[in-house]
Amino acid sequence: MSSMEIDFKEYQLRCQLRGHKDDVRGICVCGSEGIATSSRDRTVRFWSLDSPDKRKYVSSKILLGHSSFVGPLAWISPDEEFPEGGIVSGGLDTMVFVWDLMTGEKVQSLKGHQLQVTGVLLDDGDIVSSSVDCTLRRWRNGQPVESWEAHKSAIQAVIKLPSGELVSGSTDTTLKLWRGKTSVHTFVGHTDTVRGLAVMPGLGVLSASHDGSIRLWAQSGEVLMEMVGHTSIVYSVDSHISGLIVSGSEDRFAKIWKDGVCVQSLEHPGCVWDAKFLVNGDIVTACSDGVIRIWTVDQGNVADTVELEAYASELSQYKLSRKTVGGLKLEDLPGLEALQIPGTSDGQTKIVREGDNGVAYTWNMREQIWDKIGEVVDGPDDSMKRSVLDGVQYDYVFDVDIGDGEPIRKLPYNRSDNPYDTADKWLLKENLPLSYRQQIVEFILQNTGQKDFTIDPTFCDPYTGSSAYVPGQPSYASGISAKPTFKHIPKRGMLVFDAAQFDGILKKISEFNNALLADLEKKDLSLTELEISRLSAIIKILKDTSHYHSSSFADVDIVLLLKLLKSWPLAMIFPVIDIVRMIVLHPGGASILLRHVEVNDVLMEMIKKVTTDPALPANLLTSIRAITNLFKDSCYYGWLQKNRSEILDAFSFCLASPNKNLQLAYSTLILNYAVLLTEKKDEEGQSHVLSAALEIAEQENLEVDSRFRALVAIGSLMLEGLVKKIAMDLEVENIAKAAKASKEAKIAEIGADIELLTKQR
């Protein structure tokens with residue numbers, strides 16, 4: 001099994017770069033020269049390595065010129081025009097500026113976008129920019145060359161692929177691939193705004209979304225991987241040549257992913273707007289506290305103990321400041337000294353702060369002392385009255401439907417807030433046009449019963465100079481309405497296991513083959529030279545995901561794999577099953593295999609073979625993942641539905657396995673089945689999957705993702721399937737309650753989703 005374990009060194013804080021006066025919004029790695037950062041404080045800063053202490057960076061240039069917050073950045077490598085390199089920056093002020101780093105001066109001002117600039121890149125000497133105004137624009141030598149409407153909604157990001165095409169990501173939830181001004185492909189799959197994009201060398205495109213997930217897409221538009229783990233908006237994503245991925249989110253974490261699994265979460269005292277890899281694999285993060293942090297795996301570069309301890313205490317201070325007790329902020333509670341003041345009536349209660357907790361006392365009139373009642377936790381009543389978004393409590397959290405086919409968004413509001421400030425902050429956070437402001441204010445007033453709030457007629461939009469909303473003019477957001485929504489259900493689409501160590505697989509096969517050759521009795525089972533080169537050719541096709549739409553397998557390729565599955569010793573077949581697992585993600589490979597399955601069911605044979613005693617973990621893991629991957633191709637839906645009860649029964653003992661990867665594969669199989677059988681309206685199948693999912697969800701000591709996927713299966717089956725009543729009879733309420741109490745945010749959220757379903761009659 002060792003070849004499947006993930007070896008990973010933990011990142012630790014290397015240094016912190018202080019200088020920006022407000023949120024750091026963007027990071028640009030400038031070769032080995034340094035790092036550029038952009039901020040809400042209207043500046044771009046350039047940081048170079050500190051000569052005395054190579055662990056640290058110092059601010060060497062401040063670029064002033066934007067009139068509002070600065071976002072995307074791009075690096076111009078040193079050339080004749082820019083001997084020390086240059087920076088391209090885009091801002092909320094609609095401008096794109098080009099800066100010469102030698103002088104720190106602005107050398108080009110590119111004016112043309114109508115709204116905030118969200119992306120800038122270099123394309124063979126040209127600059128391409130994207131904007132909330134729905135256009136992509138190309139600039140050459142400081143002049144506009146062309147512009148086109150690339151999406152019907154705001155564009156949030158644009159990148160260039162190594163092959164030369166551009167990819168844009170938008171509020172309309174899609175990505176588009178561009179050759180020139182022609183859209184070659186639309187990538188559909190995210191359920192909310194696509195906020196960040198990055199290239200994953202050799203594989204395709206990474207996207208970060210407000211739906212909380214990160215996806216890896218092949219250039220053909222196929223989803224190769226979905227990474228779920230953030231509990232809020234994901235703002236940015238980046239990849240490293242080593243195969244690692246980093247993402248930054250509103251949930252205050254930068255997460256590091258390997259082969260689709262989150263291997264580390266770096267906590268911050270504020271939201272993480274951007275995260276990027278340096279060439280050496282170090283990670284740079286941009287945080288809303290105005291600090292840039294660099295993280296490293298190189299022990300020699302880790303910050304000294306004093307700085308590490310200071311950061312740990314800054315984090316705990318920050319979390320304390322957000323902690324609430326009985327709806328009150330912990331830091332607002334009086335200390336123990338408050339108990340020196342006698343009470344005024346018998347039974348009067350007082351909450352005081354003791355350390356990190358709130359403790360309630362009651363006044364005992366007869367004995368004239370404060371009796372301790374105990375620690376106060378936010379009871380269900382408090383949290384029912386107050387809504388929670390991203391771990392923070394609010395008086396209201398509205399679901400706002402902008403219309404125009406845009407996703408529903410969460411708008412938090414406290415009664416004490418000024419609705420104008422709330423609207424402005426929210427529109428900036430969601431990257432929506434400020435022309436929506438008046439509508440949002442009226443929406444808040446209407447839904448909080450503040451009819452008599454006075455509209456502010458003196459308001460002047462700081463970015464466009466126009467005045468407040470004038471009745472009678474066409475309204476942008478007239479379709480705004482509130483509806484109950486769930487955070488994690490219904491699940492759409494299938495999850496697959498699409499990361500593979502192809503070189504490791506081939507190595508294993510040739511190692512096993514050599515063992516067969518050396519064994520006189522089994523020598524005739526070994527592969528010929530021709531068969532070995534055939535296997536290499538199969539792997540080569542599988543590696544080249546960007547040509548899956550045009551590459552193909554021959555029938556003999558599949559026949560060879562099936563022969564090995566049948567004839568090789570049980571302990572040697574797992575790398576072969578692993579190739580089958582990847583073959584079924586290839587449209588051509590999947591359909592050839594299906595022809596063999598229809599003649600004599602080679603897949604059911606494989607399942608029986610690997611699940612019969614002695615069941616080897618490596619065989620189980622590869623085969624359960626292979627079956628899970630069949631859900632990628634609808635041509636297998638009939639087979640999966642027909643064999644459902646045998647398949648689930650065969651693998652059901654995987655839940656009891658101590659192997660976490662096996663548990664996760666099993667609950668992913670269950671979740672895919674839930675999605676398929678809901679679509680097929682197969683009630684008998686749904687109730688089988690429901691009871692399997694309930695069995696997983698009951699185990700509170702399981703890995704988070706395994707439990708989460710089972711809970712999503714339960715919620716989706718109850719919401720859109722035919723088994724809600726059965727779930728109620730099986731006491732799903734208790735499972736929802738237990739999940740809601742979990743410390744893991746996403747488990748608590750799906751628990752709340754299911755609880756809400758049980759209350760809806």
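Reply: We may begin with a pair of facing residues. This is a predicted model, and in it Ala157 stands opposite Gly169 in β15.

Me: Which strand pairs with β15, and over how many bridges?

Reply: Two strands count as paired if at least two bridges are found between them. Here β14 and β15, the latter spanning residues 166-170, are joined over 5 bridges in the antiparallel sense.

Me: What is the order of the strands in the sheet that contains them?

Reply: The sheet is open and has 4 strands, in the order β14-β15-β16-β17, with antiparallel pairing. Its edge strands are β14 (155-160) and β17 (182-187), each of which pairs on one side only. On average, neighbouring strands of this sheet are turned by 25° against each other, direction ignored.

Me: How is the exposure of Asp259 to be classed: buried, partly exposed or exposed?

Reply: The class follows from relative accessible area: buried means under 20%, exposed means over 50%, and partly exposed lies in between. Asp259 has a relative accessible area of 34%, so it is partly exposed.

Me: Where does Lys681 lie, and why is Lys681 classed as exposed?

Reply: Lys681 is found in the loop between α14 (660-679) and α15 (683-697). Its relative accessible area is 62%, and therefore it is classed as exposed. Lys681 is not a glycine, yet it has a positive phi of about 50°.

Me: Is the peptide bond from Ile489 to Pro490 cis or trans?

Reply: The angle to read is omega. For the bond from Ile489 to Pro490, omega is near -5°, and the bond is cis. Pro490 belongs to the loop between α4 (437-447) and α5 (502-518).

Me: What are the helix and strand contents of residues 227-258 and of residues 283-305?

Reply: Residues 227-258 are 0% helix and 59% strand, with their end C-alpha atoms 10 Å apart. Residues 283-305 are 4% helix and 43% strand, and the end C-alpha atoms of that span lie 19 Å apart.

Notes:
Residues numbered from 1 in each chain as written. Predicted model: local features only at pLDDT ≥ 70, side-chain atom pairs only at ≥ 80, totals over all residues. Heavy atoms only, no water. Helix = DSSP H or I, 4+ residues; strand = E, 2+ residues; numbered from the N terminus. Buried < 20%, exposed > 50% of the residue type's maximum accessible area, 1.4 Å probe, protein only. Axes fitted to C-alpha atoms, helices over the stretch in contact; angles between N-to-C directions.
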